[in-house]
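Here is a short note for someone opening this entry for the first time. Please read it with the structure in view.

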Amino acid sequence: MTTAMIETTRQIQYREALREAMSEEMRADKRVFLLGEEVAEYNGAYKISQGMLDEFGPKRIIDSPISENGFAGLGIAAAMHGLRPIIEFMSWSFSLVAADQILNNAPKMLYMSGGQWGCPIVFRGNDGAGGQLASTHSWCVEGLFANVPGMHMAIPSCPYDAKGLLKTAIRCNDPVFFLESERMLGDKGPVPEEEYTIPFGEAILRAEGDDCTLVSFGRPVNFCIEAMVELAKEEISCDVLDMRTIRPLDIDSIVRSVKKTGRLVVVDQSWPFASPATEVITQVCERAFDYLDHQPVRVNSDDVPTPYAKELEQAYLPHKGKIIEAVKSTLGLV
Amino acid sequence: MPIKVAYQATIEYMQILDEQGVLDADLARDTLTDDQVVMLYEHMSMCRRLDEIAFKLQRSGRLGTYPQNMGQEAIASVALAARKQDWMVPCYRENAALFLHGLPPEKILQHWMGDERGNQIPDGLNMLPMSIPIGTHMLHAAGIGWAAKLRGIDQVAFTFFGDGSTSEGDFHEACNFAGVMEAPVVFFCQNNGWAISTPRKKQTRAETFAQKGLAYGLKVRQVDGNDIFAIYKAAQEAIVDAKAGKPTLIETLTYRLGDHTTADDARRYRDSDELDAAKKKDPLIRVRKYLESKDLWSADLEDAMVERNKVKVDDIVARATNIEAPKTSDIFDAMFATTPPELARQRDTMHTHSLGQFPQQETLSNPTPHPAHA
Ligand SMILES: Cc1ncc(C[n+]2csc(CCOP(=O)(O)OP(=O)(O)O)c2C)c(N)n1
Ligand SMILES: [Mg+2]
């Protein structure tokens, strides 16, 4: 676990942080390229790759036909041939048509080749409800995909982490699933000019407290912080752990915190059944059962497809209110 | 030994009503009647207006992201060729055909306003809801045609998709299945030149989209997609072939006059020259010219129609908006044929406690209610 962040006054958007990470790594390593729908001429469907075609040219910033399965497979092969692909899915929802390539090929290539060649590739894109995009376009894939061995899964909650984690992802020698959020692309946060990377498997402590451990990853970390601020007004203090990566999972930091607070609430935007939250709680029970003063509580999305209507989508997702209630329930206050 | 030709093919291109509104009377024989043309003109004009109003609704925050259909209204003809029992399996740029086949237009608006009830298809209408994951619905069209055949029901499945969608594997699997199963399916590839900002030439190096069907043994043809007569005739003939177990792929050459969706600005990647040239081929303009040349239309009739369409579209918007807002509990009610108890509990508490997160809850079958909801 860490609390360290490089101090800076420079504020940039989440999407700019992603762009800087890719551009810096592309300048440093000629093998790195970006392939996906609308990434080049259009500057990215979400303007993440703005200006990159101009800088790196069409050989390295490559527009694809609408063929997710095709470009995922092409990328995997390019990685096996010695290149370092970054594959952008407009949305992780659309990666589902490429399921065999990303789940049945990339994470198993090293294993199936008897350890001979792996697949250094980054799959990245928007994950989670983007805001009224309806259920087929609002997938949270972490619950589904984290089950697959052989890949890393990073899920940054702020611009600083987006940049540091993406640089690590691009340098990683294994497949990385990189989960961004359309809802955070415009969020601004401090990102230093100077070079830094963030190691996988090291959570960051966003707030310190004694009463309850709040664990989350990705966008809901921000809701945990909102809840933490509210709860502080009632003199309830929480550790807020932002896991940064789901695989590897920094379980040691969670256990350390739970040993201090005796209470655990895991906030996870995927569905509850067999979710990352479930995994966190299982591991805590396995390692720190005797330290728990109360059984762990999960806050997930409801067990239904993402609703289309604004209010319904809001009610379905984890939010501050649900988190506050969960924390209080571990303290016997509701 | 001399090298022989193993296979040779040509692709027909058909235009019946040209940009100037001049009709090829031979080709037009036994296609649309004057009344039908007048009706289509009014319907397509209504669709155009609905698109314009939808755009404004989106800009004023009353509608979510919306894909305008502008310029592709001639696809409506398919619905005139189709029989009542036939199926429509859409993506999102063939509203004009769906409405004419019987879908109340407010359904489409309601969908884009963020309401799954917009996807409910009225009883007696054979249509699937719009499909957002590109390409996946074409397999359903192949399957609908095949299922009808298995059940001995005389139905043809029409499906619609864009040029870009042919790059998805699903397109190829759907064509192959339809061919192999001899399923009554008609594939309409609306080639509007663009897939968001990706131009047609980046999508495929094939000269036509129609020829892709040849590889799967489909009948194929290319038609002017802004020509209601050509689309009608192609659809009519495809129905006959479909019933005989021969699916068809029809490529319609058209143009998306608007942005990809309201979240897009096509001026950033499309030449204004290209757009200006496309505007001259507008399906509405040529029909009007044709009707005028036959003395079936006039400025007075046009004015009266514009007024009628204003009222129609206002009514559609009113019907789309004047429905009861969905309740939060609705999200649980369409999950299973019979709502299981743990989901019913989620609905009643609006918590995922049903899955064991709640402290006092020892079993699922006999949970202690959460004090906050007891
Ligand atoms: C599987 C999948 N990938 C990507 C998208 C995003 N997307 C929506 S529409 C579109 C372009 C479709 O182009 P085309 O098939 O030509 O249809 P048009 O919009 O031109 O009518 C894309 C890439 C999607 N909806 N589904
Ligand atoms: Mg297109």
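This is a predicted model: local features need pLDDT of at least 70, side-chain atom pairs count only at pLDDT 80 or more; totals for chains, interfaces and linings use all residues.

1. Next, ligand 1. Where does ligand 1 lie? Its place is between chains A and B. There are 21 residues around ligand 1. Those that come nearest are B:Ile134, B:Gly162, B:Gly164, B:Ser165 and B:Ala195.

2. Look at what builds the shell around ligand 1. Two strands of chain B, S3 (157-162) and S5 (194-195), each supply at least two of its residues. By class, the shell holds 11 nonpolar residues, five polar and five charged.

3. Now turn to a helix pair in chain A. Helix H9 spans residues 251-261 and helix H10 spans residues 276-288. Their axes come within 10 Å and cross at roughly 60°. The crossing of H9(A) and H10(A) is right-handed.

4. Which residues make the contact between H9(A) and H10(A)? From H9(A) come A:Ile251, A:Ile254, A:Val255, A:Val258 and A:Lys259. H10(A) brings A:Val280, A:Gln283, A:Val284, A:Arg287 and A:Ala288. By class, the residues of this contact are seven nonpolar, one polar and two charged.

Methods
Residues are numbered from 1 along each chain as its sequence is written. Chains are lettered from A and ligands numbered from 1 in the order in which they are written. Axes are lines fitted to C-alpha atoms, for helices over the stretch in contact, and angles run from 0 to 180 degrees between N-to-C directions. Helices (H or I, at least four residues) and strands (E, at least two) are DSSP runs, numbered from the N terminus. A crossing is left-handed if the near helix is turned anticlockwise from the far one by less than a right angle, and right-handed if clockwise. Two residues are in contact if their C-beta atoms, placed from the backbone, lie within 7 Å. Ala, Val, Leu, Ile, Met, Phe, Trp, Tyr, Cys and Pro count as nonpolar, Asp, Glu, Lys and Arg as charged, and the others, Gly among them, as polar. A residue is near a molecule or strand if its C-beta atom, placed from the backbone, lies within 6 Å of it.
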